[in-house]
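Notebook open, viewer loaded. I'm jotting things down as I look them up.

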Amino acid sequence: MKEELAKRYEPAEFEQRIYQFWERGEYFTPVVDRDRPKFSMVIPPPNVTGRLHIGHALVNTLQDIVVRWKRMSGFNTLWLPGTDHAGIATQMVVDRELAKEGLSRFDLGREKFVEKIWEWKEQHADLIKDQLTRLGTSVDWTRERFTLDPLLSRAVRHVFVRLYEDGLIYRDIAIVNWCPFCRTAISDIEVEYRDRNSKLYEIEYPVEGTNQRLTVATTRPETMLGDTALAVHPDDQRYKDVIGRQVKVPIIGRVIPIVADRILVDPEFGTGVVKVTPAHDKNDYEAGLRHDLPQIQVIDETGRMTAAAGKAFEGLDRADARKAVVRQLSDEGFLKSTKEYANAVGVHGKCDTDIEPMISRQWFVKIEPLARPAIEAVRNGDVQIIPQSWEATYFNWMENIRDWTISRQLWWGHRIPAYYCDNGHTIVTEAEPASCPECGSAAITQDPDVLDTWFSSGLWPFSTMGWPEKTADYEIFYPTDVLITAFDILFFWVARMIMMGLRFTGKAPFSQVFIHGLVRDEHGDKMSKTKGNVIDPLTVIDDVGADALRFTLAINASGRDIPLGKSSIQGYSAFVNKIWNASRFALMHLDVELKDSGPIQRDDLGTVERWILSRLNDATSSVNKNLSIYRFDEAASTLYKFFWHEFCDWYLEMVKPVLLGRHGNDDDRKRTKRVLLEVLDRSLRLLHPFMPFVTEEIWQKLGGIEPSIMVAPYPITEEILEDLEAERLITAVQAMVTTVRNARAERGFTPKDRFKLYVTVTDEREATFFAKVSYLLNDLARLEATIINEAIPETAQHDVISGFPIGIEFPEKTITKEQLERTQREIEKSRKELAALDTNLANEQFVNNAPAAVVAQTRARQEELRARLEKLAKNQ
């Protein structure tokens, strides 16, 4: 064999060395081969804005598990990486950097500011790659993309122009969600609604020509300065006499009409009177269009009051204006009451600024014609969302979708390919025009706005592969096979990719979407810096290595939110150590490399060897099945249980007497070593997608044919390895050993105390088996002797294990009250189970309708319990 493993597991000593080995070997890069079965996936591109968080670690771990599994399973595998320019987020980061120098982007101007962002991007471009490398992601770095790359930018322009020509992109004046801090419009789904403890102000509006006042409740009294009507429900008898009359707006004195509107007003809510401010509320805007009301803007793009708000308030921040308006309303006798009020306020999540509805000229995508095919694709199964429970959420959003505001008043991003000549003509074209095609004017300016980041992200699966050109990558690897992502971008990104893919390629961009949960702290709370409960993946990797972090995330990835604590990570760090130490022990006793080992002669194998190969085969089946349905938790759990409990706790202990020369001959040792090598090899290959670094480091010592474990074949189920008889017999041995160990502890004996185990076997083959493995029972249970088919002494502790009557003969020692109570509990437990079985077997419907195997199994268990009760009675 090759050199031994180091005594201690030190991941920092080899993780980066191994990653460089993979890159040099070009194992991440697929071949351009149209005949091989392919598997492709695109990375959800992280923003270029900095450090990866634990959510990134989760999604990239899950993707890497699938990619490594598929690659080892023989697929021509592409996992395409890249980053997103992240318009608002990146611009904000650079804005903050400039602020430290006492500057703003407006001091630099657009061209210089964009240059500054490109400089920042180049400085940080390698940071994301370095972090993904630390995690072990096997992406093809030779195909790395950036959403502002020239080829991707061309695809963006092409799509914009096509949608415009098809009448699905239009420019219009409408009310939008405006962020006063970022000074841009954002789409509906970018608005986060947060619960607030606000105040509800009741304001009285005098009805012209009467002494009557109408009371209106609002949480935003500063917007009343822009009111252009009050509205009541046409069927509300309380207000039938005032419809068509006028009221005077307090403070500002503007006279406005009272209109009837059955859409805007709910007569059962509040006073039944609603103020209408078309320039600062979406519902009011629609009502204003229905009633042809003026639109008076009293808050500007920076969140300050305009001249239309009146001289007393002009220039005030909207929050300060609210206080001033309330104060004056109170002074002038128009403020009826102020109440505490809980409500949800729309906020721009990127900067935590309250959204201001504002009328603005923007570009929109007419979304319903795009949404319809995307709904059908999920409904007919072309795209499968996993877990399926997310489909209802998808349908609900898509069936109620609104036109998408795609223009952003930013400087960083894809500039909208629309141009305006001095004569008022609009030109939408992929290439910048030299003159206006309608009038010939050369005085042309480009639209200053950029596109929503999600517009280019929606093209990611095909633009990254060279579309609109029919490149080899596009023809071989598109559409991709699966997208793995978090639920929080199901609408931002997933839905838009499906819409764009179907529209422009005629194919859904992927056939499956696996939605994983969010990583929370161990108590289920959201991680945040303010709470101090954030787990930094790079810090974890520094402490315990990438494999421990990856396995912890995988074994918790069921599709639901993941509670993650440091203790959990430490627990699975111990598992990696267990793999290392067990492999080191095995390597110390192996003297033949894989490439020289030859096939296993199954007919020569003993029961122990057949048992471990059968259990390994069962684990192989379970892992492959669960990976195919994205049950990462079940696949990881299977590997954990097999390697720790079956391989380490039992198999290695069973083969030690042979390996250490305490039992058997040279042929036994040769056979045992060959099976040990086989089981370790297959186990490492099964574990590799989950723990790539440690498995590669160990596997290289086995001397395999392939240059790397990541291109070695992934184990598959082999029917010939299944041996249920061997499993039954070894399970009986394990149960007997466990029973003896428990009895020893309960009776107060030490491991040095030895005693006899009697086993009664009626079948001749089983008797031969127990005679052959008596050395194992003696070794594992620390027995003086195992005696087969001799009368069990009356003084022995009697039991029935796996259908075999046994007796444990202890030296003379006082039986304690606790031991007697335990026996009584065992008797009661067995009686209760037996009573349930008796009831079932007395039920003709169960006996006649249940599967024959179930009935037979129930009867066998009934007999076993009866025998056990008889034996337990002797221990009282």
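In which sense do strand 5 and strand 6 pair, and over how many bridges? I looked it up, keeping in mind that this is a predicted model. Strand 6 covers residues 184-186, and its pairing with strand 5 is antiparallel, with three bridges.

I picked Asn177 to follow across. In strand 15 it stands opposite Pro357, while in strand 6 the bridge partner of Asn177 is Ile186.

Entry, cysteines. How many disulfides does the structure hold? I got zero. I wanted the reason, so I went through two sulfurs. For Cys179, the closest cysteine sulfur belongs to Cys351 and sits 3.4 Å away, which is too far for a bond, given that a disulfide needs the pair within 2.5 Å. For Cys436, the closest is in Cys439 at 3.6 Å, again too far for a bond. I noted accessibility as well: Cys179 comes out at 0% relative accessibility and so counts as buried, and Cys436 counts as buried too, at 2%.

Entry, strand 23. Is strand 23 (residues 482-486) enclosed or open to the outside? I read it as largely enclosed by the rest of the structure, because five of its five residues are buried. I then sorted the side chains by direction: Val482, Ile484 and Ala486 point one way, Leu483 and Thr485 point the other way, and all are buried. Next I looked for a neighbour and found strand 24 (residues 512-516), which runs parallel to strand 23 and is joined to it by five bridges. Across that pairing, Ile484 stands opposite Phe514.

Entry, a helix pair. I took helix 1 (residues 15-24) against helix 21 (residues 692-699) and got an angle of about 80 degrees, with the axes 10 Å apart. That makes the two roughly perpendicular. I listed who meets whom: from helix 1 I have Glu15, Arg17, Ile18, Tyr19, Phe21 and Trp22, and from helix 21 Pro692, Phe693, Glu696 and Glu697. Sorted by class, this contact has six nonpolar residues, four charged and no polar ones.

Technical notes
Residues numbered from 1 in each chain as written. Predicted model: local features only at pLDDT ≥ 70, side-chain atom pairs only at ≥ 80, totals over all residues. Heavy atoms only, no water. Axes fitted to C-alpha atoms, helices over the stretch in contact; angles between N-to-C directions. Helix = DSSP H or I, 4+ residues; strand = E, 2+ residues; numbered from the N terminus. Parallel < 35°, antiparallel > 145°, perpendicular 65-115°, else oblique. Contact = heavy atoms within 4.5 Å. Nonpolar A, V, L, I, M, F, W, Y, C, P; charged D, E, K, R; others polar. Buried < 20%, exposed > 50% of the residue type's maximum accessible area, 1.4 Å probe, protein only. Pairing = 2+ DSSP bridges.
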